[in-house]
Amino acid sequence: MLEPGTLLLKLQQQTARALEVGALQPISTHYQLIEQAEIPFLVRVIDNLQRKATVQEKQEKTQTATGVEFNPFLPYDPDLFVENLSATHVGLLNKFNVVDYHLLIVTRDFQEQDSLLTLEDFEAMWLALTEIDGLAFYNGGREAGASQRHKHLQLVPFPLIPNGLNVPIEKAIASSIFSGSIGKIPPFEFRHTLSLFEPGLVTDYKLAAQVTLAEYLKSLDFLNISINDQGKPATPYNLLATRNWLLIIPRSQESFDEISVNSLGFAGALLVGNHQQLAQLKQQQPLTILKSVAFPI
């Protein structure tokens, strides 16, 4: 199991090794900042998606031929293995990473990505957050930006803006308005919930996981996200968490035209595939795009 104080170093060391052997294949991007409502949205433009597209095409052909759906996490590539986080989760590198040191928090056995998150999921998430100050997130279903069926949370270290803010929406969160323990972010004109954590919660990952699970379930109830007969949330959603707060957004669709949005979009970090999409994003403005893939208030 994870030895306290070692995860960040192991993440860095394994990243170097995986780059050396070619197991890690970063997607090259350049970025611009687009400000709206005092949020400096970080917009990354992909330089070349062909490599990832080629791999995905090969996987789809193999799946068609064998009838077996490809699962990159079972078994996982040992060159991408970072550490055993817990008895239920492992830490892996994101093979096609856009952000450096992008960690995947993956269940050891197969669970559906749209399953209800559990105490064990949040314990693994907080084990990672205890070691790495960053943004944890979960894409709950395909309409929320999930690309793999095997359940996994993700963590990217701070800062999200190179040499800048930890999270682009920091100022917006600071301006949040609360009714009881449920907060609303004024520029977010779509359904969402914000919960704040007590300072120092990160020092006890088990307590932090219990608190987060309770806030998560309360937020799903507040957002009228019911649990279906399979024990899954009936509505796709994005979940974002730091050491200080939890944000949940129900999703109506995966993309705006061809601009896909996952959890990072609601943190203020968007990804576009080319300059045409960048021009479209500038014309429509980021908050309009986020509103279009969420639910109106």
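**A walk around strand 7**

Strand 6 (residues 134-140) and strand 7 run antiparallel and are joined by 4 bridges. Keep in mind that this is a predicted model. One spot to look for along that pairing is Gly134, which sits opposite Pro157 of strand 7.

Strand 7 has another partner to find: strand 5 (residues 103-107), also antiparallel to strand 7 and linked to it by 4 bridges. Here, Leu104 is the residue facing Gln154 of strand 7.

Now look at strand 7 itself. 6 of its 6 residues are buried, so the rest of the structure largely encloses this strand. In a regular strand, side chains alternate between the two faces of the sheet. In strand 7, His152, Gln154 and Val156 point one way, while Leu153, Leu155 and Pro157 point the other, and all are buried.

His152 deserves a stop of its own. It belongs to strand 7, which covers residues 152-157, and an unreviewed UniProt entry places the feature "active site" at His152. With a relative accessible area of 6%, His152 falls under the 20% cut-off, so it counts as buried. What does His152 touch, leaving aside neighbours within four places in sequence? Its contacts are Phe73, Leu104, Ile105, Val106, Gln113 and Tyr138.

Finally, hop over to Ser255, which lies in strand 13 (residues 255-256). Its relative accessibility is 19%, under the 20% limit, so Ser255 is buried too. A polar atom of the Ser255 side chain lies 3.2 Å from the backbone oxygen of Asp257. Not counting residues up to four places away in sequence, Ser255 also touches Ser260 and Val293.

Key: Residues numbered from 1 in each chain as written. Predicted model: local features only at pLDDT ≥ 70, side-chain atom pairs only at ≥ 80, totals over all residues. Heavy atoms only, no water. Helix = DSSP H or I, 4+ residues; strand = E, 2+ residues; numbered from the N terminus. Buried < 20%, exposed > 50% of the residue type's maximum accessible area, 1.4 Å probe, protein only. Polar contact = N/O pair within 3.5 Å; in protein donor to acceptor, adjacent residues only side chain to side chain. Contact = heavy atoms within 4.5 Å. UniProt positions renumbered as here; feature names shortened; annotations may be inferred. Pairing = 2+ DSSP bridges.
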